[in-house]
Amino acid sequence: MNRIAHHIRIGGLYFLQALKMRMEYRLDFFVECLAALLQQATGLLVLEFLFRNFQSMKDWSRYEVFFIYGFSLIPMAFFDAFSMSLYGFSDRYIVHGELDRLLLRPLSSLFQLLMEGITFDFLADLTLGIGVLTYAWSHVGPELSISMMLKFAILVVGAWGVLAGVFLALTSLSFWSQDRISFLPPVYNLLNFARYPLSIYRPFVRILLTWIIPFGFVAFYPAAGLIQRETAFREFAYFVPLAGLTALGCGVLLWQGGLRRYAGAGS
């Protein structure tokens, strides 16, 4: 317990330090948040395009698709808040040897890596996600209650676990490849497909986003489990927490395996 409390206290110090650094250039911070908000908002225009051009979207109402899209932004925002160090991990921490600095400290190296990746651009995604989800929830969402809010929180945590686990696993592959180019950006782009009903895609894509890179458990399946509509996909919502634990567990195991293989920047 003392070790956990120590990490929580250090995490708070990391957070305050990151906030101080961002507030030194407040205008730049707000411009970046606005740009991130506009970038995510363009996804709403994509939804309109899909409704006009894809017949398969007719099986879903606009409110339902907005619900899925809004839900997807919330676990993504919490993941993005601590993920920045993962993107340049291979180049910065392995090739240039900054991982050695983390390993010399009496703290979890993974914890330090996440804390050094704190960014506040996630506030834009979180704000838009809450806004879109609230709007859609009033039309197709279930009745609010304490049990429903608990279910919602569990689904968000499970979806976050899938994201964190998948990208931690991909980051850990850098211990074996030692390539400056990260695996993360192209895989991250697959998240765009998971923001829409998986039923509009061909079977190969549905299989890919369910069993290979399980981004379907980040947005579509948990959202389908909350929407007040009988659909075959609702049953998958029960597996979201399990998918999160499995993905996160695999990511941590790969990370630990990579650390055992790592022998320092000079080797």
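Predicted model: local features only at pLDDT ≥ 70, side-chain atom pairs only at ≥ 80, totals over all residues.
Local features rest on pLDDT of at least 70 and side-chain atom pairs on pLDDT 80 or more, while totals for chains, interfaces and linings use all residues. Residues are numbered from 1 along each chain as its sequence is written, and side-chain values use heavy atoms, with hydrogens and water left out.

**Overall fold**

Let's begin with the whole chain. It has 15 helices and zero strands; these are DSSP runs numbered from the N terminus, with helices (H or I) of at least four residues and strands (E) of at least two. The radius of gyration is 19 Å, close to the 18 Å from the globule rule for 267 residues, so the chain is as compact as a globular protein of that length. That radius is taken over C-alpha atoms, and the rule is 2.2 Å times the number of residues to the power 0.38. Along the principal axes, the C-alpha atoms fill a box of roughly 60 × 40 × 40 Å.

Of the 267 residues, 49% are buried (under 20% relative accessible area, with a 1.4 Å probe and protein chains only).

**The core**

In soluble globular proteins, nonpolar side chains tend to be buried together. Here the largest nonpolar core has 82 residues, and Phe67, Phe71, Phe167 and Phe215 have the most contacts inside it. Such a core is a set of buried Ala, Val, Leu, Ile, Met, Phe, Trp, Tyr and Cys residues joined through side-chain atoms within 4.5 Å. Helix α9 (residues 146–172) gives the most to this core, with twelve residues.

The table leaves out residues up to four places away in sequence.

| Residue | Residues in contact |
|---|---|
| Phe167 | Phe79, Leu86, Leu184, Val187, Tyr188, Leu191, Phe215 |
| Glu64 | Asp59, Val140, Ile227, Arg229 |
| Leu107 | Arg3, His6, His7, Ile10, Leu102, Gln112 |

Glu64 sits in helix α3 (residues 62–80) and is buried, with a relative accessible area of 8%. Among the residues it touches is Arg229.

Leu107 lies in the loop between α6 (98–103) and α7 (109–115). At 15% relative accessibility, Leu107 also counts as buried. Leu107 and Arg22 are 85 residues apart in sequence, and their C-alpha atoms are 24 Å apart in space.

Key:
Buried < 20%, exposed > 50% of the residue type's maximum accessible area, 1.4 Å probe, protein only. Contact = heavy atoms within 4.5 Å.
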